[in-house]
Amino acid sequence: LADVAPPGTSAQSAGFDKPTATIVATTFGGLTYELTVGRLDGANYTLRFTRQGEPDKKDGARLAREKALEPYTLLVAKSKLDDTLIKRADLLEKKK
């Protein structure tokens, strides 16, 4: 997490109307995270996330922090998402 976007950042200005990617991840504990990656703004991507599922009680502090961040548009360093945003075809070895 590099920063938080200014309050009032619209979905359109952050690029969520035409997202760069949507990433869905499910933990072994049964939580599902959906990350919407918006536009690249300088060295950071805009990002929003939602969480679904019932958390374990032992994860209370971490989940409270995540809950507090959910309404915000986050700025995540491009370098943190570069590997994740590579298209599958580009990862596979080309047949000769």
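Of the 96 residues in the protein chain, 26% count as buried, meaning under 20% relative accessible area, with exposed set at over 50% and partly exposed in between (1.4 Å probe, protein chains only). Keep in mind that this is a predicted model, where local features need pLDDT of at least 70, side-chain atom pairs count only at pLDDT 80 or more, and totals for chains, interfaces and linings use all residues. Residues are numbered from 1 along each chain as its sequence is written, and side-chain values use heavy atoms, with hydrogens and water left out.

Let's start with the overall build. The protein chain has four helices and five strands, and along the sequence they come in the pattern β-α-β-β-β-α-β-α-α. Here helices (H or I, at least four residues) and strands (E, at least two) are DSSP runs, numbered from the N terminus. The C-alpha atoms fill a box of roughly 50 × 35 × 20 Å along the principal axes.

Now for the sheet. It's an open one of five strands, in the order β1-β5-β4-β3-β2, with antiparallel pairing; two strands pair if DSSP finds at least two bridges between them. At the edges sit β1 and β2 (21-26), each pairing on one side only. Two bridges tie β1 to β5 (residues 74-77), the two running antiparallel, and Asp3 has Leu75 in β5 as its bridge partner. Helix α2 (residues 60-69) packs on this sheet, touching β3 (32-41), β4 (44-52) and β5; a contact means heavy atoms within 4.5 Å. The direction of α2 makes about 120° with that of β4, using lines fitted to C-alpha atoms (for helices, over the stretch in contact) and angles from 0 to 180 degrees between N-to-C directions. On to the neighbours β4 and β5: four bridges join this antiparallel pair, and Asn44 stands opposite Ala77 in β5.

Next, have a look at Ser10, in the loop between β1 (3-4) and α1 (11-14). Ser10 is partly exposed, at a relative accessible area of 35%. Ser10 and Thr73 lie 63 residues apart in sequence, yet their C-alpha atoms are 9.1 Å apart in space. For the chain as a whole, among contacts between residues at least 6 apart in sequence, 50% join residues at least 24 apart.

Finally, the surface and the charges. The protein chain exposes about 7,100 Å², and carbon and sulfur atoms supply 53% of that; the areas come from the Shrake-Rupley method with a 1.4 Å probe. The mean positions of the 16 positive and 13 negative charges are 3 Å apart.

Conventions. Lys and Arg count as positive and Asp and Glu as negative; His and the chain ends are not counted. The place of a charge is taken as NZ of Lys, CZ of Arg, CG of Asp or CD of Glu.
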